[in-house]
Amino acid sequence: METQAFQKVYTKITNLTKATITLKATDIGYDEMALVAGRMGQVVKIMGEEVVLQIFAGTEGIPTNAEVVFLGRPPQLKVGDQLAGRFFNAFGEPIDGGPEVDGRVIDTGGPSVNPVRRKQPSQLIATGIAGIDLNNSLVTGQKIPFFADPDQPYNQVMANVALRAEADKIILGGMGLSNDDYLYFKNIFDNAGALDRIVSFVNTTDDPPVERLLIPDMALSAAEYFAEEKQQKVLVLLTDMTLFADALSIVSNRMDQIPSKDSMPGSLYSDLARIYEKAVQFPHGGSITIIAVTTLNGGDITHAIPDNTGYITEGQLFLRMDSDVGKVIVDPFRSLSRLKQLVIGKQTREDHPQVMNAAIRLYADAANAKTKQDNGFDLTDYDERTLKFAKEYSEQILAVDINIDTEKMLDTTWDLFQQNFEREEVVVRQEFVDKYWKQ
Amino acid sequence: MERKSKTTGVVAGIIANLVIVEVDGPVAQNEICFIQHPENKLMAEVIKILGKNVYVQVFESTRGLKVGTKVDFEGHLLEVTLGPGILSRNYDGLQNDLDKMDGVFLKRGDYTDPLNREKKWDWRPIAKAGDQVVAGSWLGEVPENGMPHRIMVPFKFKGSYNVKSVVEAGQYTVDNIIAVVTDSEGNDIDLTMVQKWPVKVAVKAYKEKPRPFKLLETGIRTMDTLNPITEGGTGFIPGPFGTGKTVLQHAISKYAEADIVIIAACGERANEVVEIFTEFPELEDPRTGRKLIERTTIIANTSNMPVAAREASVYTAMTLGEYYRSMGLKVLLMADSTSRWAQALREMSNRLEELPGPDAFPMDLTAIITSFYARAGFVYLNNGESGSITFIGTVSPAGGNLKEPVTESTRKAARCFYGLNQSRADSKRYPAIDPIDSYSKYLEYPEVVDYLTENISEDWLDQVMKTKTLLLRGREAMEQINILGDDGVPLEFHERFWNSELIDAVILQQDSFDKIDANCPLERQKYMLEKVLGITDMRFSFETFEDVSGFFKRVINQLKQINYSEWKSEKFATYETELEEIFKERLN
Ligand SMILES: Nc1ncnc2c1ncn2[C@@H]1O[C@H](COP(=O)(O)OP(=O)(O)O)[C@@H](O)[C@H]1O
Ligand SMILES: [Mg+2]
């Protein structure tokens with residue numbers, strides 16, 4: 001690999017833990033990469049002459065006299081147009097049997113965009129899924145995760161969104177991806193004839209878990225290349241960020257750091273923010289949009305991983321099984337797109353914000369009616385109507401298998417209002433009622 | 001901290017942004033140093049000293065840094081530069097002017113001047129030769145975006161001085177000498193429009209700090225009407241993610257009646273800062289007609305910027321606030337989110353292997369937060385004028401649980417509590433401030449009560465209390481209805497519930513994205529509250545509980561249309577007339 005003749009080779013490891021090795025070495029830079037008995041490692045601590053290296057694949061089988069070669073550089077990636085259509089591992093090495101990529105070498109995990117050089121995101125991404133486009137519209141330059149239980153079809157929904165999003169490049173960062181899911185992505189992109197727009201960095205369940213810590217930086221460095229230099233619209237898919245965070249906690253645990261909530265490192269917020277904040281809209285039109293997956297444990301969003309994620313991302317898309325209609329829906333209560341107000345009613349029809357809010361309010365009334373019903377109380381006529389509305393709304397709007405345009409979503413919602421309610425019950429600005437309520 | 005020769009040292013250890021430096025001379029706690037990394041100098045702050053080993057937190061990434069690198073100690077603490085030209089600037093947490101940096105990406109070690117040294121300011125003297133002055137005394141003023149920016153005797157000056165000369169009115173740069181003062185030993189000191197101040201030290205250049213007594217109008221009904229904050233008051237907004245902390249702070253910073261607004265974006269999203277500098281140059285300050293950006297300064301340490309500078313960012317913001325307060329101005333200071341600052345403290349405390357307190361936060365978290373909030377306040381200056389800093393911070397409780405250390409510590413420090421409620425946010429009842437759990441301690445201050453009585457109306461406080469009672473009774477009625485069922489309670493319970501729904505929909509809820517509803521001046525708040533309370537006093541006749549809900553929904557719909565209409569416009573009046581018609585159908 002990258003060892004060069006003049007590099008000094010160390011062969012005396014003094015300490016070994018499950019994840020780290022310590023040795024005496026000089027002139028070493030912080031964050032520098034090294035090869036330890038052929039495995040990749042990175043400097044995580046320097047004390048005088050003592051250097052501590054984290055070994056991504058673990059230290060199992062490494063002898064104290066193993067060869068250690070410092071590479072004199074942080075993690076890097078070769079960028080160029082040749083990345084398109086290719087699959088790489090966490091170190092940026094091809095895993096698709098293809099040739100090495102030619103290109104310029106850049107350091108990954110580089111600096112942030114100066115906030116004053118950003119542009120406010122303002123371009124709607126249409127996905128056809130009404131639970132997203134109507135209630136939680138996405139915008140280029142946004143960062144948003146799916147919150148979903150492990151048994152929900154989040155990768156399918158994400159792939160659909162990606163293919164419909166009209167991005168110039170789609171960059172897949174797979175962390176702890178099962179081999180089946182890896183092949184699923186490969187096939188679906190291939191079948192859509194989109195493979196030449198896709199770059200993938202994949203750590204599968206067969207790879208050492210700690211290696212996945214490098215995946216987001218790899219994916220986002222490639223994204224920055226296409227978005228900033230090539231001024232392209234780039235969509236980055238990160239799945240599953242919960243497994244990324246788990247890897248963080250493995251490392252901090254092995255390094256004896258004091259854990260905070262849910263055994264996660266105290267720096268979890270900063271660690272995740274550094275990744276998600278790479279989402280950006282540049283003034284020249286290039287953009288990075290991040291769509292991620294955060295799997296939940298039994299729908300618990302108070303766990304440190306989804307909780308910190310929610311504080312960082314610009315909303316979340318909460319997938320839930322609606323047993324009344326037997327479909328997976330985008331839950332209108334827990335889902336949110338914080339950037340929607342930049343586009344709704346501006347790039348979409350004027351009545352969009354009010355219709356969206358009114359429908360969700362009525363859906364909330366239905367939830368109350370349901371509680372009442374479950375507690376054995378009589379339902380009023382209004383309750384009955386909200387329940388009927390909720391069911392239809394769930395089927396025709398919230399279900400993830402919907403694919404219609406926003407105009408149709410709004411018309412459908414007006415129809416549902418009209419079929420179930422009186423004008424005053426809907427509480428929408430008079431001018432819109434006058435215009436869209438069919439006489 | 002005057003030293004004859006500079007202390008230097010060499011890097012001896014590196015753990016992320018904690019660096020251990022071996023020194024050869026005296027060093028002070030919190031002193032600033034520069035690590036002489038070959039590509040660029042890295043700024044750092046001393047946080048612990050153990051013999052020859054000095055622990056510094058680096059305000060930058062330490063990638064590539066090597067043991068043995070030279071370190072220069074500066075002999076001063078972390079300071080900000082104070083002078084005209086701070087308004088409308090976008091600074092990072094260390095007061096570097098972000099607009100002056102080259103390139104799309106932030107470069108490490110890129111430190112830029114916070115002031116414009118070329119611009120000429122229109123100086124008008126205030127002091128004259130022979131005047132006795134002390135730190136903070138006004139020497140003259142220059143107009144800065146329509147605000148009188150007073151040039152003061154530097155805050156660092158101790159004791160009193162004699163003014164020897166003051167330059168006459170004219171055009172000067174910030175570095176021109178504008179006055180000469182003589183100290184007690186007869187030494188002349190030249191003064192320019194610029195001074196420096198260490199951010200972690202409170203500016204005390206004022207005569208006294210009374211309890212706040214004046215209402216600070218924010219334009220947010222549920223705050224001003226139910227739980228008002230005062231000029232110089234403190235408040236905090238805790239809430240789970242997505243419940244509206246940032247939208248609320250932005251709304252306050254747009255419409256509050258302040259002279260100066262300082263926004264510290266502390267460890268939150270960069271796009272939220274972009275929103276401010278995209279929108280504020282377009283929006284008008286309803287009071288002055290100038291653009292909002294002209295009265296605003298942004299301190300941005302977004303979540304992807306160096307963690308160590310996060311702590312600095314809130315102190316930088318507070319110090320800029322104190323500077324403008326000393327000019328006799330009304331400053332509104334916002335920090336979003338103070339939890340990120342606490343987390344930055346936690347990361348460093350863990351790296352230092354200090355004994356952790358609850359949830360691994362440092363033991364002295366409460367003390368740190370309390371002394372920070374204590375820097376806000378209303379003050380009388382030495383010249384009899386007054387100024388204020390009103391501080392509102394957001395708190396992001398882990399898991400939305402208000403029993404966590406940052407929320408609990410802040411509760412001890414802030415006088416107003418605006419708790420955002422998840423279920424209100426879920427049902428889009430924005431702003432999601434819980435009307436029953438939230439409080440303003442200022443309503444218990446007799447001087448505030450007097451102020452409200454004099455400036456709003458004789459019975460204002462009674463009306464506010466009545467509103468709170470109706471909300472509480474409405475909640476109780478709803479609980480009963482949920483337990484006993486719609487038919488299981490007297491009709492009156494439904495009326496009670498709907499009276500509280502009426503208050504909720506018309507007074508509490510406010511659409512921050514609606515041109516008109518976003519800002520509700522006090523006069524309009526008073527009018528609407530009286531109108532709504534008037535309705536709750538009316539006696540209507542209902543046959544069934546469905547009559548009650550049907551009727552109130554129509555009333556609410558009508559009043560919402562009023563909220564969306566231009567104040568006292570034709571439409572406004574029409575909706576009011578129609579409302580009367582609705583009443584007639586049910587009035588006894
Ligand atoms: N007053 C409001 N009016 C309308 N929508 C609001 C209001 N407050 C919050 N929202 C909605 O909630 C979302 C999240 O609000 P935000 O202030 O960013 O939450 P937080 O800072 O608490 O995480 C916003 O993007 C917006 O859609
Ligand atoms: Mg926020």
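Colleague: Start with Asp96(A): what is its relative accessible area, and what class does that give?
Modeller: Asp96(A) has a relative accessible area of 27%, which makes it partly exposed. Buried means under 20% relative accessible area, exposed over 50%, and partly exposed in between, with a 1.4 Å probe and protein chains only. This is a predicted model, in which local features need pLDDT of at least 70 and side-chain atom pairs count only at pLDDT 80 or more, while totals for chains, interfaces and linings use all residues. Side-chain values use heavy atoms, with hydrogens and water left out, residues are numbered from 1 along each chain as its sequence is written, and chains are lettered from A and ligands numbered from 1 in the order in which they are written.

Colleague: Which residue does Asp96(A) form a salt bridge with?
Modeller: Arg86(A), with the closest N and O atoms 2.8 Å apart. A salt bridge here is a side-chain nitrogen of Lys or Arg within 4 Å of a carboxyl oxygen of Asp or Glu. Asp96(A) lies in the loop between β9 (87-88) and β10 (104-107) of chain A, and Arg86(A) in the loop between β8 (76-79) and β9, so the pair ties together parts that are ten residues apart in sequence. Helices (H or I, at least four residues) and strands (E, at least two) are DSSP runs, numbered from the N terminus.

Colleague: Is Arg86(A) buried or exposed?
Modeller: Buried, with a relative accessible area of 11%.

Colleague: How many salt bridges over all chains?
Modeller: The search of the whole structure finds 65. One of them joins the side chains of Lys143(A) and Glu314(A), at 2.9 Å from N to O. Lys143(A) is in strand β13 of chain A and Glu314(A) in the loop between α7 and β19 (315-322), 171 residues apart, so the pair links distant parts of the chain.

Colleague: And how accessible are Lys143(A) and Glu314(A)?
Modeller: Lys143(A) is buried at 0% relative accessible area, and Glu314(A) is buried at 1%. Both belong to a network of salt bridges that also links Arg118(A) and Glu277(A).

Colleague: What about chain B, which residue does Asp504(B) meet in a salt bridge?
Modeller: Arg429(B), side chain to side chain, at 2.8 Å from N to O. Asp504(B) is in helix α11 (residues 491-508) of chain B, and Arg429(B) is in the loop between α8 (422-426) and β25 (439-440), 75 residues apart. Asp504(B) is buried at 6% relative accessible area, whereas Arg429(B) is partly exposed at 22%.

Colleague: While we are in chain B, where is His149(B)?
Modeller: In strand β12 (residues 147-152) of chain B. His149(B) counts as buried because its relative accessibility is 1%. Its side chain makes a polar contact with the side chain of Tyr323(B) at 2.8 Å. A polar contact is a pair of N or O atoms within 3.5 Å; within protein, one must be able to donate a hydrogen and the other to accept it, and residues adjacent in sequence count only if both atoms are side-chain atoms.

Colleague: New topic, how many residues of chain A are in contact with chain B?
Modeller: 77 residues of chain A are in contact with 75 of chain B, where contact means heavy atoms within 4.5 Å. The area buried between them is about 6300 Å², with carbon and sulfur atoms giving 53%. Buried area is the accessible area (1.4 Å probe) that two parts lose on being put together, summed over both.

Colleague: Which three residues supply more of the area that chain A buries than any other three?
Modeller: Tyr30(A), Tyr269(A) and Tyr311(A), which supply 12% of the area that chain A buries against chain B.

Colleague: How many salt bridges does the rule find across the interface?
Modeller: Five. The side chains of Asp27(A) and Lys66(B) meet in a salt bridge at 3.4 Å, N to O.

Colleague: Which strand of chain B do the bridges join to β5(A)?
Modeller: Strand β1 (residues 8-15) of chain B, joined by two bridges, and the strands run antiparallel. Two strands pair if DSSP finds at least two bridges between them. Ile46(A) stands opposite Ile14(B) in β1(B).
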